[in-house]
Amino acid sequence: GADRVIAVDLHQMGGAERQVTGWGHVIMHSLHIMEKRTIHRAIDAADFVVSPEIDGYDWRDFRHSRHMIEQGEKATEAIIPQIKQQISDWNPQQQSG
C-alpha cells in the first residue's frame with residue numbers, strides 16, 4: 001500500500017445545479033449523491049487534498065481544461081511545503097510497529 005496519499009478534489013465544483021424534470025434526472029441525481037459520498041470518504045482518508053479553485057466549471061467539461069489544469073497546478077504548489085514537512089517528519093519505523 002501507499003505510505004502517503006494525495007487526493008485531488010475535483011468534485012467540489014460540480015457545475016451548476018440542474019432542474020430535475022423527469023425520472024431520468026431523478027436517477028442521475030441519485031447516482032450523483034452516491035458518487036459524492038464515495039468521493040468524500042476517499043478525500044477524508046487522504047493525507048493531503050489538492051482542491052483547485054474551479055468553481056463554476058464542471059470537471060467533465062474539457063473545453064476549459066487548460067484553465068482547470070493551471071488551477072490544479074497552482075493548488076498543488078500551495079501544499080508542497082506541507083507535503084515536504086510531513087515527509088521530513090515521517091519515520092517509517094513508527095508505521096511498521
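The buried residues of H2 are covered in part by S1 and strand S2 (48-50). Helices here are DSSP runs of H or I of at least four residues, strands are runs of E of at least two, and both are numbered from the N terminus. Contact means heavy atoms within 4.5 Å. The buried set in H2 is Met68, Gln71, Gly72, Ala75, Ile79 and Ile83. Buried means under 20% relative accessible area, exposed means over 50%, and partly exposed lies in between, with a 1.4 Å probe and protein chains only.

This is a predicted model, in which local features need pLDDT of at least 70 and side-chain atom pairs count only at pLDDT 80 or more, while totals for chains, interfaces and linings use all residues. Residues are numbered from 1 along each chain as its sequence is written, and side-chain values use heavy atoms, with hydrogens and water left out.

Now the overall layout. The protein has three helices and two strands. From the N terminus, their order is β-α-β-α-α. Of its 97 residues, 19% count as buried. Among contacts between residues at least 6 apart in sequence, 74% join residues at least 24 apart.

Glu70 and Arg66 form a salt bridge at 3.8 Å, N to O. The term requires a side-chain nitrogen of Lys or Arg within 4 Å of a carboxyl oxygen of Asp or Glu. The two residues are four apart in H2, so about one helical turn separates them. Glu70 is partly exposed at 40% relative accessibility. Arg66 is partly exposed too, at 49%. The whole structure has one salt bridge.

Next, strand S1 (residues 6-8), which includes Val8. The C-alpha atoms of Val8 and Val49 are 5.6 Å apart, though 41 residues separate them along the chain. Beyond its neighbours within four places in sequence, Val8 contacts Ile43, Val50 and Pro52.

Asp9 lies in the loop between S1 and helix H1 (23-45). Asp9 is buried but has no salt bridge; the nearest side chain of opposite charge, Lys36, is 9.3 Å away. Lys and Arg count as positive, Asp and Glu as negative; His and the chain ends are not counted.
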